[in-house]
Amino acid sequence: MSEATERVEPAVTPRRGPVGGVLGVLKTARPRQWVKNVLVFAAPFTGVQLGDGAVLLDAAIAFVAFSLVASSVYLINDAVDVEADRAHPTKRNRPIAAGVVPVRVAYAAAVLFFAGGMAVGLLANPKLLIVLGVYEAIQLGYCFGLKHQPVIDLAIVGSGFLMRLIAGGVATGISLSQWFLLVTAFGSLFMVAGKRYAEVMLFERTGAKIRSSLKKYSASYLRFVWATSAAILIMSYCLWAFEQQQRAPESVWAVISIVPLVLAVLRYAVDVDGGNAGEPEEIALRDRVLQVLGASWMASLVISYYL
């Protein structure tokens with residue numbers, strides 16, 4: 001989102017009609033965001049059970065279920081924010097804001113996505129439905145008003161990542177480390193605060209319309225939030241890594257993984273500090289150094305658990 005934060009994108013001529021509507025619904029479902037749902041595989045990964053076909057299947061089912069439920073939230077969010085999005089320099093090109101997908105169609109599609117997600121989740125573990133239901137309820141509260149409450153909006157968006165992690169544990173029946181839960185919680189808060197900081201910077205640069213809660217944030221406050229979150233994230237990860245070494249004293253790779261993790265956080269903080277952290281997935285896709293650090297971190301953990 002680095003270029004989008006510096007200029008107003010021209011309006012895109014929408015493709016209308018049934019085909020355009022279907023494609024618009026699929027675009028609004030944000031399939032690119034499904035990459036976040038790989039967090040459901042964290043439980044079987046840290047539980048050293050990726051080789052168990054039944055466990056892997058349950059995690060895959062949780063991935064699909066969470067993707068469908070999350071997409072229902074995206075549809076509702078864009079339907080509720082349609083007027084605000086039309087005044088935004090980039091969000092005005094979203095299918096609902098552009099008039100490709102009628103608001104009523106978006107709500108109907110959201111119901112279908114949610115029902116599909118719950119049906120799929122039932123295949124893994126009935127308890128997974130509780131996690132999915134709680135996630136949907138929290139996110140709907142966000143869509144219909146809580147997004148305008150300072151601090152609460154940060155906590156709700158960040159909780160989505162934590163819920164994905166918990167969903168993986170519930171679906172597979174694998175317990176998660178309390179330290180790893182903290183890593184996920186503050187890692188997500190770090191990214192969310194960075195994204196909000198980018199939105200505030202966009203407002204200051206272009207005068208784009210932003211949600212009321214952001215007007216109550218100052219850039220310095222958001223910097224404080226993501227800096228604090230980064231510090232707790234690193235501390236929690238170190239405690240988790242040392243916990244893993246105690247379980248397997250012969251391997252030091254979990255501790256070694258601290259190095260690329262810390263460097264990756266600091267590297268990502270460069271984008272946050274520049275106000276270019278609007279979309280975390282876009283940063284990850286374009287920053288080659290960050291990709292190398294991420295791969296090194298993952299390789300360290302794979303060696304620690306599986307080699």
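These legends describe an overview and several close-up views of a predicted model. Local features need pLDDT of at least 70 and side-chain atom pairs count only at pLDDT 80 or more, while totals for chains, interfaces and linings use all residues. Residues are numbered from 1 along each chain as its sequence is written, and side-chain values use heavy atoms, with hydrogens and water left out.

View 1. Helices (H or I, at least four residues) and strands (E, at least two) are DSSP runs, numbered from the N terminus. Of the 307 residues, 49% count as buried; buried means under 20% relative accessible area, exposed over 50%, and partly exposed in between (1.4 Å probe, protein chains only). Contact means heavy atoms within 4.5 Å. Among contacts between residues at least 6 apart in sequence, 74% join residues at least 24 apart. The accessible surface is about 14,100 Å², with 68% belonging to carbon and sulfur atoms; areas come from the Shrake-Rupley method with a 1.4 Å probe, and for residues only the protein chains shown count as cover.

**View 2. Two spans that UniProt lists as "transmembrane region" are residues 54–76 and 165–193.** The UniProt entry is unreviewed and also places this feature at 96–122, 221–240 and 252–269. UniProt positions are given in the numbering used here, feature names are shortened, and annotations may be inferred rather than shown by experiment. Residues 54–76 are 100% helix and 0% strand, with end C-alpha atoms 34 Å apart. For residues 165–193 the figures are 83% helix and 0% strand, with end C-alpha atoms 20 Å apart.

**View 3. S229 sits in helix 10 (residues 219–247).** S229 counts as buried because its relative accessibility is 2%. Its side chain reaches the backbone oxygen of V225 at 2.8 Å, a polar contact (a pair of N or O atoms within 3.5 Å; within protein, one must be able to donate a hydrogen and the other to accept it, and residues adjacent in sequence count only if both atoms are side-chain atoms). Leaving aside neighbours within four places in sequence, S229 is in contact with F186, L189 and F190.

**View 4. Helix 14 (residues 288–306) has a buried face.** Its buried residues are L290, L293, S300, L301, S304 and Y305. The face turned away from the buried side carries the exposed residues R288 and V292.

**View 5. D287 caps the N-terminal end of helix 14.** A side-chain oxygen of D287 lies 3.1 Å from the backbone nitrogen of V289.

Methods
Expected span 1.5 Å × (residues − 1). Arc of directions from axis to C-beta.
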